[in-house]
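Open the model in your viewer and keep the selection tool at hand. We will go from stop to stop, and at each one you will hear what to select and what is there.

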Amino acid sequence: MLIRIALPSEAPALAALGERLWRETYTGLIPASNLELHLAETFGPRQQAAELADPACRTLVIAEGNALLGYTLLRACGPEEGMASFHFVNPLEVARFYVDASLHGRGAAQALMAAALDHAASAGHDGVWLQVWEQNPRAIRFYAKAGFQDVGEATFRVGEQVDRDRVLVHTLMNLGL
């Protein structure tokens, strides 16, 4: 298992991975029409290529051989107006974080999160934040174990549906190194 930065040529594979993992995570929990709208807006090769080319974004992937089995999309930005407040000067958002079920229990998610936090610290970010669906207790527990703290709530649109998310933050120590 290797964690590395996604390559621009991997946009189609990343789009397929993102869509597959989203379907596996949310099918049956979100009405199919809303799921399809969200997937069409979020996970095409064109959308992934744009994110890979965006200097504010960084995508880290878990690769085993030629297969991509997990990824996180990191975006240098703060929360939208009206969201839970936190006070980072240079925040980094974990916009997406998904790992294939075949890697569950093997430490892959923890390694990917450690790589994301290392990237954030080395890029000069003082804190990391994310949104997680309030009805996803497994993810909430994972993020808490990774050192994230709940600071409030926000909404997240999936197609025509608006869900309530928890906003979690992780402060990074800047040791002046």
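Begin with Val162, which counts as partly exposed because its relative accessibility is 47%; buried means under 20% relative accessible area, exposed over 50%, and partly exposed in between, with a 1.4 Å probe and protein chains only. Before moving on, note that this is a predicted model, in which local features need pLDDT of at least 70 and side-chain atom pairs count only at pLDDT 80 or more, while totals for chains, interfaces and linings use all residues. Residues are numbered from 1 along each chain as its sequence is written, and side-chain values use heavy atoms, with hydrogens and water left out.

**Around Val162**

Val162 sits in strand E7, residues 161-171. Helices (H or I, at least four residues) and strands (E, at least two) are DSSP runs, numbered from the N terminus. Contact here means heavy atoms within 4.5 Å. Then pick Asn34 and draw a C-alpha to C-alpha distance to Val162: the two are 9.9 Å apart in space and 128 residues apart in sequence.

**His38 in helix H2**

Next, select His38, found in helix H2. Is His38 buried or exposed? With 7% relative accessibility, His38 counts as buried. Setting aside neighbours within four places in sequence, its contacts are Trp22, Phe43, Phe156, Arg157, Val158 and Gly159.

**Helix H1 against helix H2**

Show residues 11-26 (helix H1) together with residues 32-42 (helix H2): their axes come within 11 Å and cross at roughly 160°. H1 is therefore roughly antiparallel to H2. Axes are lines fitted to C-alpha atoms, for helices over the stretch in contact, and angles run from 0 to 180 degrees between N-to-C directions. Angles under 35 degrees count as roughly parallel, over 145 as roughly antiparallel, 65 to 115 as roughly perpendicular and the rest as oblique.

The crossing of H1 with H2 is right-handed; a crossing is right-handed if the near helix is turned clockwise from the far one by less than a right angle, and left-handed if anticlockwise. Which residues meet here? From H1 come Glu19, Trp22, Arg23 and Tyr26, and from H2 come Leu35, Glu36, His38 and Leu39. By class, this contact of H1 with H2 has 4 nonpolar, 1 polar and 3 charged residues. Ala, Val, Leu, Ile, Met, Phe, Trp, Tyr, Cys and Pro count as nonpolar, Asp, Glu, Lys and Arg as charged, and the others, Gly among them, as polar.

**Helix H1 against helix H3**

Keep H1 on screen and bring in helix H3, residues 45-53: the two pack at an angle of about 115°, with axes 8 Å apart. H1 and H3 are therefore roughly perpendicular to each other, and their crossing is right-handed. Ala11, Pro12, Leu14 and Ala15 of H1 make the contact with Pro45, Gln48, Ala49 and Leu52 of H3. The contact of H1 with H3 divides into 7 nonpolar, 1 polar and no charged residues.

**Aromatic pairs**

How many aromatic pairs are there? The count comes to 7, where rings of Phe, Tyr and Trp (its six-membered ring) pair if their centres lie within 6.5 Å; planes under 30 degrees apart count as stacked, over 60 as edge-to-face and the rest as tilted. Select Tyr26 and Trp133: their ring centres are 5.9 Å apart and their planes stand at 55°, so this pair is tilted. The pair links distant parts of the chain, with Tyr26 in helix H1 and Trp133 in strand E5 (residues 127-133), 107 residues apart. Tyr26 is buried at 8% relative accessible area, and Trp133 is buried at 9%.

Then select Phe142 and Tyr143, whose ring centres are 5.4 Å apart and whose planes are at 65°, so the pair is edge-to-face. Phe142 is buried at 18%, and Tyr143 is buried at 7%.

**Two last stops**

Select Ala144 in helix H5, residues 137-145. Ala144 counts as partly exposed, at 47% relative accessibility.

Finish at Asp100, in the loop between strand E4 (91-99) and helix H4 (108-122). Asp100 is buried, at 9% relative accessible area, and is in contact with Arg20, Leu21 and Leu69, leaving aside neighbours within four places in sequence.
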